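This report describes the structure shown below.

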Amino acid sequence: MIRRLWNRFWGPAGAVSLGLLVIASFAGGIIFWGGFNTAMEHANTQEFCISCHEMNDTPFQEYKASVHYMNASGVGASCPDCHVPKPWIPKIIAKVRASKDLYHHFLGTLDTPEKYEAHRAEMAKRVWAEMEATDSLVCRNCHDEAHMDFAKQKPESAKQMKVGFERGDTCIDCHKGIAHKLPDLSQGYRKLFEEIEAIAAASPPKGDAVYPITTLALYRAAADAKAEKDNIGQVLAGTPLKVLDRDGDMLKVQVTGWQQDQVEQVVYALRGQRIFEATIEKSAVDLIQTVSTETDADTALVWHAITLEGWVAPGKLLGNSDLLWSYTAEMYSAACGTCHSKPEPDHYLANQWIGTLKSMKRFITLDKDEYRILQKYLQLNAKDTAKEAHHG
């Protein structure tokens, strides 16, 4: 039987024996795999990465100025060390994704510094998302928590690293911009605001409730609002206003909120919370109507539920607040999630957000109105206010 199988294996099958076909296929497979692996390894070198001028001219020059290129120990990380995982399957996935770079190379998508800058934010966010999805697998090519000597790190750095590990953060949450220039992510949320401005400017909203998209002057009469003079106060962005009457495009609105006893010129969104809704000129506090009075059992402070009526001009009002808060959430991600892992709004109490945000003010580039509505967004979604703000 064995002899018959042997003869059949090596005997002619048409023009070529089955055994010869198997050997040829095996040899072909070895040659193919060797060629494929050689090509893969060549494509996995820094020299290959910077062979395209758009990679050499901008990102490579930024990388050369980073600690990953030159440092005291002389241990460096090359382009593939940071962008290509070591395990085979993730490596193949990364290579397949990178194949689109060749398409854009020939298309000329990034062939000038200006074009590169125009796409920097988009590319950075895509890379960050990939690294988050893989738990920063490429960082772990070299860095391992188990081998970190926290005693040799700066005390503040060691503290932040330990907190990050305990919280389940991944490397890229806090270590963006360590090899390349950080993008200006304000383009995204500021473009959103331009779209919101266009909607608000198109026509006065027709519903029973309106929301200012920026700090808005409040007037005693429709004529004052039309002339934009002698305002009696201001309402802050995001403050819900109930529409009571209309005079042409001018709207008579009602502000509902809380005042702390003996603090007559400030209206807050919720009792006991420093969430600013409006400020009133001293000469106009007589317009405020007290609805009820309560004492906060925890602080013994007296609070008044109040209403205030006035007129506002159109052009900066939305009939729905969803767009405004989507814009603010995008602002939060861009302004506070670029350098480190941003906490969720409900990580802090509403009043704690005032000090927390103030401590980071010098690191972010927001104008006064952007800063105010960001603080309001965080406070309304804080640990102790989210349910009351959205359902109360």
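The following sections treat the basis of the model, the overall form and selected local features.

## Basis

This is a predicted model, in which local features need pLDDT of at least 70, side-chain atom pairs count only at pLDDT 80 or more, and totals for chains, interfaces and linings use all residues. Residues are numbered from 1 along each chain as its sequence is written, and side-chain values use heavy atoms, leaving out hydrogens and water.

## Overall form

The chain contains 16 helices and twelve strands, taken as DSSP runs numbered from the N terminus (helices H or I, at least four residues; strands E, at least two). Its radius of gyration is 31 Å, whereas a compact globule of 392 residues would have a value near 21 Å; the radius is taken over C-alpha atoms, and the globule rule is 2.2 Å times the number of residues to the power 0.38. The C-alpha trace spans about 110 × 55 × 50 Å along its principal axes.

## Helix H9

Just after H9, Gly168 adopts a positive phi of about 85°.

## Trp88

Trp88 belongs to helix H7 (residues 88-107). With a relative accessible area of 45%, Trp88 is partly exposed.

Conventions:
Buried means under 20% relative accessible area, exposed over 50%, partly exposed in between (1.4 Å probe, protein chains only).
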